[in-house]
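Here is a friendly briefing to read alongside your viewer. Keep the coordinates open and follow the topics one by one.

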Amino acid sequence: MKKQKKITVGVLVSGIMDDFTRIICKGVMKAARRRGVNLVIFPAKYVDRDVSDNRDLRYEYQYGTILSYAKKQNLDAIVAATGCIGCFSTSERMLELMKQYEGIPCVLIASQLPGYDSVTFDNFSGVMEGMECLIEETHCTKIGMIGGPEDNSDARERREAFCQVMREHGLAVSEELYEAGNLTRNSREAFVRLLDNNPDLEAVFCVNDDTALGLYEELQRRKRQIGRDIHVLGYDNIQAAAKASPPLSSVRADPAELGEAALELVLDKLRGEAVESRVLPTKFIRRDSIGNLEDEQRDHAIDARMMDMWFDDVFYRCKHEDMQKTVEQFRHSFKMLVKCIRSIFEEHEEGVWEVKGLLEQFLNVDTIEYADVDNLLIVFRRLQKMLLGAGNSYTKAQRDLFPMIYQRIIRVMDQRLWEMGERSLRDSFDMKLFVQKTLQFEKGTDQSYGTLLENLNWLQVKNAGIYIFESPITHLTREPFQAPEELYLKAVLKSGEVQVVPALEQKKKLAELFTDNKGIQQGCMVLFPLFFNEVLEGVILCEMTENIFESGEFLVNHLSSAAKMIELLRSNQKIQQELEESLVALRENNIVLDNLSKSDSLTGIWNRRGLYEEGQRVVEQCHRQGRNVLVVYADMNNLKIINDRYGHEEGDFSLKAIADRLVEAAGSHGIAGRIGGDEYAYICPYDGEKEGAEMLSELYEAFRRFNEGTDKEYNVTISAGACVLGPDSGMSLEEALSVADERLYEVKKQRPKEVAKGV
């Protein structure tokens with residue numbers, strides 16, 4: 001029975017390191033695992049963003065080229081966060097961009113475009129609830145807003161909600177009270193205009209949390225205390241909102257829920273079901289950026305609702321993980337602890353030891369791993385004020401209870417910080433090793449691409465593939481880009497093992513990008529461009545891990561530079577080869593010098609041209625006789641070390657010695673040649689039955705005897721790969737040399753670096 005093809009969904013998002021994007025992706029990934037579908041994430045950054053004056057960012061437009069790899073031929077469906085990708089662009093431009101995906105079932109995330117189904121947030125209820133808190137509870141009468149581009153539907157609706165509440169309460173809604181930012185914290189011009197034009201501003205509503213955190217920085221520069229001098233309200237309730245100082249009041253609109261709902265909706269659409277756009281509910285979350293919440297909570301009952309609110313503020317990180325059962329265990333343990341503390345004060349029970357036991361149970365390793373400890377301390381401080389604020393007399397055990405809790409939390413955090421420090425050192429060391437090891441190539445060969453994938457374990461990546469263009473593509477900013485129809489899969493990492501793809505198997509169609517890739521497509525992948533300034537080298541398809549969210553852009557920068565170096569080495573080798581061939585062409589004009597033109601001047605054996613011509617004669621003669629041919633590709637080990645340590649004359653001696661040994665190995669009916677530099681080959685009849693490394697054992701033994709018989713301080717050694725070319729193999733001499741070269745690469749990885757005798 002034929003195995004059914006797995007559905008593959010493309011996820012078009014902005015920067016992979018953006019909080020909003022990361023949480024959307026986690027939601028989509030969670031739903032994809034549940035539904036058993038494959039994902040490919042396309043982190044396109046921001047369309048039409050002008051960073052020409054920023055040296056660090058001016059080539060980031062190359063991320064946008066990734067969108068052209070999403071095709072009807074390689075994806076079954078698409079979910080697209082067009083509002084994020086196009087936050088610097090217009091609706092018309094995004095509609096134009098989305099036309100390339102016509103015919104693919106598509107659902108938009110957190111944005112709306114005519115003709116497209118979408119999953120968005122209710123941009124009214126949560127905003128109105130937060131605005132009413134500012135007006136009715138903190139009594140603000142002059143409130144401003146930092147919005148976003150008018151083309152962004154979310155920004156537009158949130159502004160409408162802001163204006164509606166202001167009008168309903170009879171407050172002024174003037175143009176001076178509104179400034180449009182760019183949906184990021186890099187909107188300082190908008191912050192400055194709003195604050196300069198309204199020095200008596202009492203509160204600001206920001207279109208999203210990232211914008212609000214940028215406003216925090218401007219207010220701190222002006223020494224205005226947030227929560228006292230001025231109130232701030234955000235939107236999205238990202239992780240950074242709860243961690244801000246003071247914690248940012250926000251509208252809870254969980255991007256993970258957007259991602260989950262969008263994937264479910266597009267899968268329904270893919271099945272041919274009638275679907276409608278969805279609007280997800282939102283909720284206002286009040287924190288200290290709107291007044292001192294601790295004082296206001298004193299008079300509230302410590303009930304299940306309040307404990308759930310506290311828990312959610314402390315464990316907001318857990319919302320985006322597949323750990324529902326564990327989260328409920330955390331919640332139960334937290335509530336039991338709070339109830340026990342409350343009973344000691346409200347019922348005057350002697351339960352301090354029980355509190356200690358529940359505290360130890362609560363503060364286990366997993367709890368601290370996911371808790372926001374700053375918020376946890378705030379929760380216990382609030383609880384302390386609520387229980388000790390009535391002016392009653394308390395026992396010493398009751399008064400000492402909270403200091404004991406704080407001390408224990410701090411002790412656990414000390415341990416946690418030490419572990420984090422150790423892990424940070426390991427990560428830093430792993431990153432340093434990654435940079436060092438991925439640059440350990442000396443030639444611009446296909447094998448060098450395998451080196452780039454050998455050290456991704458520090459990113460928890462076990463599956464990846466590097467695709468390189470036939471020729472690098474120059475792509476300037478604002479220019480349209482179309483992905484080439486053919487790419488070359490140079491190397492793959494599959495289940496932690498690296499394989500250099502044979503030359504005859506490298507060419508892949510764009511339509512096969514996520515299917516015919518040596519089986520590396522497993523679960524959730526991400527596609528990154530490989531580029532160096534304005535030149536695109538190819539792409540890397542990589543397993544999506546938590547570490548990629550944190551270090552994906554570093555990975556792109558480093559592998560892009562490495563790919564550029566390989567291309568430069570390849571070009572240099574090509575130039576050298578062309579130069580050699582030009583010299584040969586000049587010599588060919590003189591028949592008398594024909595043999596010289598096919599000989600290597602240093603060693604006296606055949607050069608590349610001679611090897612191919614004379615080798616072809618050997619192959620044809622053997623095949624006429626029904627005999628096999630042994631094709632060996634050899635590479636001198638450590639030529640650079642011998643040159644640097646003992647001098648170039650000794651390096652030349654070594655090259656000549658290798659030529660002599662290979663001539664002996666080829667025998668009277670075979671030929672040997674120097675292909676170039678430190679690379680050789682020999683071709684001879686082969687009637688033996690040995691395979692693999694056994695075929696080369698006599699060759700290695702000849703070098704061992706040679707080194708024992710010389711008075712040199714160093715050993716002359718080679719690495720070699722072999723291929724047997726049979727009369728009926730259908731393989732050409734060039735292909736046999738390519739196979740032998742690929743086998744040589746595997747041997748080369750094990751070569752010793754020391755050359756001195758006795759080491």
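**Helix 18 and helix 25**

Helix 18 crosses helix 25 in the right-handed sense. The model you are looking at is predicted.

- Helix 18 covers residues 446-453 and helix 25 covers residues 733-748; their axes lie 10 Å apart, and the packing angle is about 35°.
- On the helix 18 side, the contact is made by Gln-447, Gly-450 and Thr-451, which meet Asp-741, Glu-742 and Tyr-745 of helix 25.
- Sorted by class, this contact of helix 18 with helix 25 holds three polar, two charged and one nonpolar residue.

**Helix 11 and helix 15**

- The axes of helix 11 (residues 304-314) and helix 15 (residues 373-388) come within 8 Å, with a crossing angle of roughly 155°.
- That angle is over 145 degrees, which makes helix 11 roughly antiparallel to helix 15.
- The crossing of helix 11 and helix 15 is right-handed.
- From helix 11, the residues Met-306, Trp-310, Asp-313 and Val-314 take part, and they meet Asn-375, Leu-376, Val-379, Arg-382, Leu-383 and Met-386 in helix 15.
- Seven nonpolar residues, two charged and one polar make up the contact of helix 11 with helix 15.

- Four strands form an open sheet in the order 7-6-8-9, and their pairing is parallel.
- Strand 7 (178-180) and strand 9 (231-233) are the edge strands; each has a single partner strand, so one side of each has no neighbour in the sheet.
- On average, neighbouring strands of this sheet are turned by 15° against each other, direction ignored.
- Three bridges join strand 6 (residues 143-147) to strand 7 in the parallel sense.
- Ile-146 has Glu-179, in strand 7, as its bridge partner.
- Helix 5 (residues 153-168) lies across strand 6, strand 7 and strand 8 (203-206), and runs at about 170° to strand 6.

**Aromatic pairs**

- The model has 11 aromatic pairs.
- In one of them, the ring centres of Phe-42 and Phe-514 are 6.0 Å apart and the planes stand at 85°, so this pair is edge-to-face.
- Phe-42 belongs to strand 2 (residues 38-43), while Phe-514 sits in the loop between strand 16 (507-509) and strand 17 (524-532), so the pair ties together parts that are 472 residues apart in sequence.

Technical notes: Residues are numbered from 1 along each chain as its sequence is written. This is a predicted model: local features need pLDDT of at least 70, side-chain atom pairs count only at pLDDT 80 or more; totals for chains, interfaces and linings use all residues. Side-chain values use heavy atoms; hydrogens and water are left out. Two strands pair if DSSP finds at least two bridges between them. Helices (H or I, at least four residues) and strands (E, at least two) are DSSP runs, numbered from the N terminus. Axes are lines fitted to C-alpha atoms, for helices over the stretch in contact, and angles run from 0 to 180 degrees between N-to-C directions. Contact means heavy atoms within 4.5 Å. Angles under 35 degrees count as roughly parallel, over 145 as roughly antiparallel, 65 to 115 as roughly perpendicular and the rest as oblique. A crossing is left-handed if the near helix is turned anticlockwise from the far one by less than a right angle, and right-handed if clockwise. Ala, Val, Leu, Ile, Met, Phe, Trp, Tyr, Cys and Pro count as nonpolar, Asp, Glu, Lys and Arg as charged, and the others, Gly among them, as polar. Rings of Phe, Tyr and Trp (its six-membered ring) pair if their centres lie within 6.5 Å; planes under 30 degrees apart count as stacked, over 60 as edge-to-face and the rest as tilted.
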